[in-house]
Amino acid sequence: MWAIAGVIMPVGYYRPPRYSGAMSTFDELVKRRGTDCYKWDFQPGNHHIDDLLPMWVADMDFPSPPEILNAIRRRTEHPVFGYTFAGESYKESFTAWQRTRNGWDVEIEDLLFASGVMPAVRAAILEFAEPGEEVIIQTPVYFPFSGAIKDNGRTVVENPLREVDGRYEMDLAHLRSAITDRTRMILLCSPHNPVGRVWTHDELAGLVQIAAEHSLLIVSDEIHADIVRSTTSFVPILTIPGAAERAIALHAPSKTFNLAGLASGTAVAPDSELRSRLERAIYRLGMNLPNLLSLEAAHAAYRECAPWVDQLLIYLDAQIEWCKEEVRARFGDAVRVPAIEGTYLAWLDLRDLLASAAVSHKEMQRILLHEARLFLSEGMQFGSAGEGFFRMNLATPRANVADGLDRLERAVRIAKDRG
Ligand SMILES: Cc1ncc(COP(=O)(O)O)c(C=O)c1O
């Protein structure tokens with residue numbers, strides 16, 4: 001057995017990293033296989049693929065901060081786990097977090113607790129759009145958005161992002177033209193998964209202006225708010241003038257502190273009517289009672305874990321820079337990576353490779369999975385603009401990223417040989 005900083009690794013699991021640089025706690029390889037986690041234990045398709053490296057779903061392979069683990073342990077020493085609620089102290093830790101991290105003053109009475117961002121998105125869709133009415137999304141985008149709209153009998157309207165010199169931008173002219181008298185809501189992803197944009201004040205102000213002109217609600221999924229590069233700042237939608245009466249922001253500790261399996265989230269709705277309608281919808285769907293341990297974890301996260309997040313962001317900045325350089329050196333123009341201003345997700349652009357090798361998106365997906373044994377999120381599920389793209393999750397020790405790039409190289413070689 002190996003033991004690195006107290007984490008026990010089974011023999012044969014740990015592979016020494018192939019890069020030079022100091023080891024960090026984020027370099028520890030924690031064995032997740034066999035824990036019924038989606039990332040490592042889910043197998044795509046019908047055939048078991050041995051030694052598959054999963055770099056798909058957006059959770060991190062890093063252990064959550066020790067402060068959170070301790071808070072959960074402490075709470076489990078009390079033998080009663082009765083119904084619980086998000087108390088003042090939790091709410092104060094959330095507002096203090098937003099004030100110090102994002103310069104955003106949130107009023108405690110504006111907060112609602114939800115059992116995750118997507119449950120709150122679904123509640124908002126049901127409450128604020130009638131069946132058949134339209135919700136706008138900016139594609140390519142986190143694919144459960146379109147599912148949440150369609151599953152509830154509402155209509156998806158796409159406002160595709162524009163690619164300008166390898167960077168995605170909002171197309172506000174197209175947004176204006178896409179709005180009809182049946183449009184009720186813009187479901188915003190900020191920062192944007194999968195394209196990695198952190199929207200600027202001007203872009204958000206443009207969006208708010210259009211929403212105001214057409215009396216639309218903006219539901220802003222800000223789950224990736226804390227994961228932005230050191231050169232970028234996250235702008236909360238509710239700091240934009242005019243947003244308070246028409247926007248709801250959704251936050252969660254699940255990405256920042258790697259707590260997705262604990263399922264919790266916080267909605268911020270300064271407008272009292274919007275807030276009470278969302279609260280009723282959350283109640284109607286039975287999502288109003290927090291899981292006690294998820295609340296305990298979220299509370300410790302916002303109260304105690306800023307230094308841990310600072311270290312995480314340093315690691316991710318370096319990881320992303322390193323990965324981009326490796327991709328340039330290994331693949332040239334065959335694989336491009338748009339700027340990753342936020343999130344830990346690389347939106348790999350393989351379009352030139354697929355065109356020159358005459359390999360289809362589907363065939364490339366097969367090569368990646370079955371020949372290179374690399375599990376990436378395939379781009380078309382994020383919208384048709386994702387054809388030729390694959391999303392790679394970089395929130396994993398550097399040794400795994402190096403392994404992933406080796407496997408990608410194998411897949412690219414196979415695709416080129418087909419051409
Ligand atoms: C943009 C975005 N929103 C929401 C979620 C899921 O949020 P939750 O687990 O709180 O429902 C994810 C997870 O990947 C995400 O990337």
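Guide: A polar contact is a pair of N or O atoms within 3.5 Å; within protein, one must be able to donate a hydrogen and the other to accept it, and residues adjacent in sequence count only if both atoms are side-chain atoms. This is a predicted model, in which local features need pLDDT of at least 70 and side-chain atom pairs count only at pLDDT 80 or more, while totals for chains, interfaces and linings use all residues. Residues are numbered from 1 along each chain as its sequence is written, and side-chain values use heavy atoms, with hydrogens and water left out.

Lys255 places a polar side-chain atom 2.7 Å from an oxygen atom of the ligand. For Asn193, a polar side-chain atom lies 2.8 Å from a ligand oxygen atom. Met118 takes part through its backbone, with an N or O atom 2.9 Å from an oxygen atom of the ligand. The ligand taken alone exposes 400 Å², and the protein buries 87% of that (accessible areas by the Shrake-Rupley method with a 1.4 Å probe).

The residues around the ligand (a heavy atom within 4 Å of it) are Ala58, Gly116, Val117, Met118, Pro119, Tyr142, Cys189, Asn193, Asp221, Ile223, His224 and Lys255. By class, this shell has 7 nonpolar, 3 polar and 2 charged residues; Ala, Val, Leu, Ile, Met, Phe, Trp, Tyr, Cys and Pro count as nonpolar, Asp, Glu, Lys and Arg as charged, and the others, Gly among them, as polar. Helix α4 (residues 117-128) gives the most to the shell, with 3 residues; helices here are DSSP runs of H or I with at least four residues, numbered from the N terminus.

How values were computed:
Helix = DSSP H or I, 4+ residues; strand = E, 2+ residues; numbered from the N terminus.
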